[in-house]
Amino acid sequence: MEKYCKVDATAKRLLQRSVEKLGLSARGYHRILKIARTIADMDNKELLKISHIAEAVQYRRNG
């Protein structure tokens, strides 16, 4: 997972806060990373940014 879902520092902090606040399991954490990876791919970005993580978390909260 770390090979394909490289996260910058600010995005990592947001992801950690989201996991704590939403009480996500390891599976939920990885699902957010996969969704963020897809969003970053559509944005033609190699590194997951805070905007990618935020959008992925938003989809998780609405789903």
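How many helices and strands are there in the chain? The chain contains 3 helices and 0 strands, where helices (H or I, at least four residues) and strands (E, at least two) are DSSP runs numbered from the N terminus. Along the sequence, these elements follow the pattern α-α-α. The structure is a predicted model, in which local features need pLDDT of at least 70 and side-chain atom pairs count only at pLDDT 80 or more, whereas totals for chains, interfaces and linings use all residues. Residues are numbered from 1 along each chain as its sequence is written, and side-chain values use heavy atoms, with hydrogens and water left out.

The C-alpha trace of the chain spans about 30 × 20 × 20 Å along its principal axes. Of the 63 residues in the chain, 32% are buried. Buried denotes under 20% relative accessible area, exposed over 50%, and partly exposed the range in between (1.4 Å probe, protein chains only).

A search of the whole structure finds 1 salt bridge, defined as a side-chain nitrogen of Lys or Arg within 4 Å of a carboxyl oxygen of Asp or Glu. The salt bridge joins the side chains of Asp41 and Arg37, with an N to O distance of 2.9 Å. Both residues lie in helix α2, 4 residues apart, about one turn of the helix. Arg37 is buried because its relative accessible area is 11%, whereas Asp41 counts as partly exposed because its relative accessibility is 46%.

Arg27, Arg31, Lys34 and Arg60 form a positive surface patch. Patches are made of residues with over 30% relative accessible area and no salt bridge, like charges being joined within 9 Å and nonpolar side chains (Val, Leu, Ile, Met, Phe, Trp, Tyr) within 5 Å. Lys and Arg count as positive and Asp and Glu as negative, while His and the chain ends are not counted; the place of a charge is taken as NZ of Lys, CZ of Arg, CG of Asp or CD of Glu. Accessible areas come from the Shrake-Rupley method with a 1.4 Å probe, and for residues only the protein chains shown count as cover. Helix α2 (residues 26-42) gives the most to the positive patch, with 3 residues. Arg60 is located in helix α3 (residues 50-62) and is partly exposed, with a relative accessible area of 35%.

In the loop between α2 and α3 lies Asn44. Although Asn44 is not a glycine, its phi is positive, at about 55 degrees. Asn44 counts as exposed because its relative accessibility is 70%.
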